[in-house]
Amino acid sequence: MKKIININVNGDNHEVAVRPGTTLLDLLRDELNLTGTKKGCELGDCGACTVILDGKAVNSCLVLALDADGKKVKTIEGLAGSKHLHPVQQAFVEKGAIQCGYCTPGMIMRVVSILDENPDPTKEEIKKALSGNLCRCTGYTKIIEAVEAAKAYINGMEQPEIEYQPQKSALDLSVVGKRLPKIDAPDKATGKALFTDDLAFPKMLYGKLLLSPLPHALIKSINTKRALALPGVKAIMTGDDVPDIKWGTSPPRYDENVLAKNKVRYVGDVVAAVAAVDEETCYKALQLIEVEYEELPAVFDPMEAMKEAAPRLFDDKYENNINTHIDHHFGDIDLGFAEADHIREERFVGNRTYQNPMEPHCSIAEWDNHGRVTLHTSTQVVHYVHHQLSRILNLPLGNIRVIMTYCGGGFGAKAATTTIEVMSCFLAKETGCPVKMRFNREEMYLFGRGRHKQYIDLKIGVKNDGTITAVKHKAILEGGAYSSFGIVSAYYAGSMLTTLYKFANYKYDGYRINTNLPPCGAFRGHGCPHPRFAFESLLSMIADDIGMDPIDIRLKNAMEPEYRTCNDLDIHSCEFTACLEDVKKKSHWDSKRGNLPKGRGIGIGCGGFVSGAGYPIYRSQFPHSNAIIKILEDGSKAMLYIGDADIGQGSDTVLAMAACEAMGITMDRISVVSADSDLTPIGFGAYSSRVTLMGGNACKMAGEEIKKQLLQAASEILNVDANILEAKDNKIYVKDKPEISIPWEDAGFAYFSNNGPLVGKGHYSPPKGLGGKYKGAAVGTSPAYSFSATVCEVEVDMETGKVKVLNFWDAHDCGTAINPMSAEGQAEGAVVMGMSEVLFENEVFDKNGKMLNADLHNYLIATSADMPEISSTLVDSYEPAGPFGAKEIGEGATLPILGALANAIANAIGVRIFELPITPEKVLKAIAEANKVNSDS
Amino acid sequence: MYVSDFTYLRPKNLEEALDLLQNKDDAVALAGGTDLLVELKTGVRLCSHLVSLADVEEFKFIKEDEKSIQIGAGITHSQIMQSSLVKEHIPALALAASKIGSHQVRNNGTLGGNICSAAACCDSAPVLISLNAQIEILDATNKKIIPLEDLFQGNKINTLKKGQLVSKVIIPKTGKGTGVHYEKFGLREAMAVSVVSVSVMLKIKNESIENASVVIGAVAPTPKVSVAAVGILIGTPTHLLVEKSDPILRVSEAAVGDSIPIDDIRGGAQYRRDVLFSLTQRCILKALESAQKNV
């Protein structure tokens, strides 16, 4: 029964009828169309829905709308004036505090309330006060800077200066290399940016999935009669109603059904889908679907799963549940180990972690009357969704339009096509109405595609001087029920160990094992973080064994430019040594190492990643990134159309900067349309850290094509040869006599008037023939590689085992940073995410395969109160294959964190923990065991 | 997620609220909602009548009389943190309140809701129990006052009967020489559920412990007074209560002996005992410090 309430929102009085169970959040979003307030967890754990209710910041997801009757609410929409942003919004925009923007409205509302309560908070007070608002992108660093800037604005104080030494490779550039605010930041700061769940269409229905409650079972029957009879239910689909086609991510391992066919393989596997007038009716209908299961024995541990008698997930493939096996041998490890003076082998175990982008997945599908379907979705890769839908719906690409809305973070969780992307299309077709489907936080965990837990046996041999002679690596990846990206993860786990240090002899034995758990996939650093954690840990242990400084052993073996690794990866630019030297110096490594009190420790870790995969996921000859630039008829604006996806990392801005630099215009002269399959040419999207290099090259090329045509037009106006002209800062001028010039837009206007549309095209394909000839040689290839090093300092409470991370000093070779502020944001976010994975994160399952912590209350991620001081440096570097010398930073920056933190903890407590996450419980146990050994001896 | 159907009732005052709770089937009182709405959304709890206490102003006070501080059940954790009375007389309660959830949760969550949720890891109860706090329980016809301890029956189970509401918490004022401290151990720096918590109250007279209370949290189905620890503390000369001293170790061992922790995703039972052992020592020293300042 609905009741009428009166509520004042941002100064406007509303009289609304609401249901008893409607929360203030749903009232704002669904009834009042104020979608700036975001829905992140729905349980008060993330703060994305923070609004100010009668003067106090509250989680609007935990307030009943009826309880807010008669009250005053302030939301993000009520903050800015019509002309000016609120000082807090302004500061967030300027300081780079906004990445995906999904936590931003709640975060900004909280900051407003903090500064209302205390106009002059200290940094520590800010960190504590913001700890109810989770952010997964920024590492909170730039958010804190923004609060300090906002404080200065409001109090009329001077802004703190940013110390930044521009990179040499950017000194002569006009746009690239500048610390510019992201172009989407103002819309994200004001709640105007529309994410998929913020959209609604006339007659729109909602869809939900019925998930398996059992880890392994045959489906004997499904009865939907009672559910269909529920008023408001419009359609129910089961495995019988969808095409019999396997899909997934990697073609050799397409093994998922759209909806379960006869069998479910994990708690969360998809059994049926329902469409109804609202989500509540969907949930009620799900409870009325009767499924008869015949339970099968299940297996959750990969070691058990590989045994002969273990239950099989697939009868027709993956013998012994071995989904993928890789056997690589480069050089001769026997010879290599024979040359070694010291050999050490240890077992390391990773953790099962989930990306947890703050925005839950959401998709809306709608069919037109011409047989075309349009899907709005929160994805990282429009093209792969497009490609999968084409296969599954059996339609040409041209009959499908996939539009990425603003995307609230991905980190790999939105790299694979999701069941809701597919099922919203089917349900929309079935019902003839648009259908919106979204995951709640629990469903996100159950859909999975997070990090594989790896069991790693690593053996390294070195000479007395620290030279690495051989590396043997065996990894078992617990993969969950389906393949997703997993085959690639398994290859990456091996191939990327060779890019940081030079060694000639290497053996990798990799196994990806299916278990009755949610499928694992690609998570930032794809397959590499656990092996890298193992390698960096073991290398530091070996350094200790042979009495060498851990940084020195790294310098001894450090990768150098123009080197071909033992597994045939071609390294070009490489400033790894500069990274190591930078962190050594700024961390005061030499004075700290060995001189810190018990409980305090320092450690080094290194990393690096591909700047885009050398080959696409499925065989295709299309260029990987493509750009079109269209100049408005009056020359006033360039429209950049790019298929690659801005998931918060800032690619729209970075790509626009590359295009502007190439065209000779400033950033106020460009607008970006990205990731819409009707409008933008194909791009492989945001994964494998590919966008800056590949998309950047495509945009640069398109920009250069524009410039060439414009210079020609200008040469006709100025009556000079086009060869002596240059375009820069919105002017076209004679290189030697800059006083002879015309405005850029005049040339654009003239071009259009004489020739019609001014369009530039650009495309990028990695060099042909990258990598070796052996099976799996493609994974790990890239046009360029990033490098990074970090030193971490921790303090450990020796009585409780709790680790406090004090500092990360990191340095990155990302080539030329197109936008240094964004690059730092990537590094800072990677630090805090990596730290969070090491200290807190782990998916836990009960003995029946049901996840016990599928929320943000029990699956902990770092808060602002946990963040360390971070000092990031971008070293001077230039990558010839990259646009203006640029390479990646987003994923590579994660890789050094795990090892550095593990090494710092080991240094602090005097004993090594080999298994992630490094919880206080494990730390205390390790300390106790070490004490016992010491007292026994 | 959604909240399943219920009838929403919003009494204007205490009397109406008690009447509704007594007479409506399956009626549940809604205070700040920070626990209850989570339970309703996740389906852990169902109710057919939700009695919102939003307008029950009788619950929203913090006052003092000669002998006690009285806090209405509808007072939020934020209000506790800001209250000058609390800060003056029971600073440890303000400290405990500051450790609950996030700022947003503390702005809505109430003291009454926190104790009535009766979670083993409840952050406000240990301090209150260590101060011998009592609660007033009302129903449509009766009023009674019981020790707060007696509200807790098991993890997330309270002893309230149908129609009953906790209306206020009564905290006896402590005399000179008394100090209270609260230590909480969670897995991250903020928004963490207590893995272990301890509250220690010490009263010093003539350089020794005249009275004491040690309440341990999250290591048993309910917050629990460690009788053994109190037994050792009382009569101990204060100069012996120093880091790693024999009496302090014995008290901490006694607290561990009184705990009955479980294994869960936040920590194993043995780990909880280990942390309790360390936390108790720290808490005693901090409580002693504040007792010594309070002369």
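I began with chain B, where the domain assignment gives domain 1 (7–52), domain 2 (57–172) and domain 3 (178–293). Such bounds come from an automatic or database domain assignment. I looked up the centres of domain 1 of chain B and domain 3 of chain B: taken over C-alpha atoms, they lie 36 Å apart.

A note on the source: this is a predicted model, in which local features need pLDDT of at least 70, side-chain atom pairs count only at pLDDT 80 or more, and totals for chains, interfaces and linings use all residues. Residues are numbered from 1 along each chain as its sequence is written, and chains are lettered from A in the order in which they are written.

Next, chain A. I find 24 helices and 33 strands there (DSSP runs, H or I of at least four residues and E of at least two, numbered from the N terminus). The radius of gyration of chain A is 28 Å, close to the 30 Å of the globule rule for 937 residues, so chain A is as compact as a globular protein of that length. The radius is taken over C-alpha atoms, and the rule is 2.2 Å times the number of residues to the power 0.38. Along the principal axes, the C-alpha atoms of chain A fill a box of roughly 80 × 75 × 60 Å.

I then checked burial. In chain A, 64% of the 937 residues count as buried (20 or more other C-beta atoms within 10 Å of the residue's own, with C-beta atoms placed from the backbone).

Last, α15(A). 14 of its 17 residues are buried. Just after α15(A), Gly547(A) has a positive phi of about 70°.

Definitions and conventions
Buried ≥ 20, exposed ≤ 12 C-beta atoms within 10 Å, placed from the backbone.
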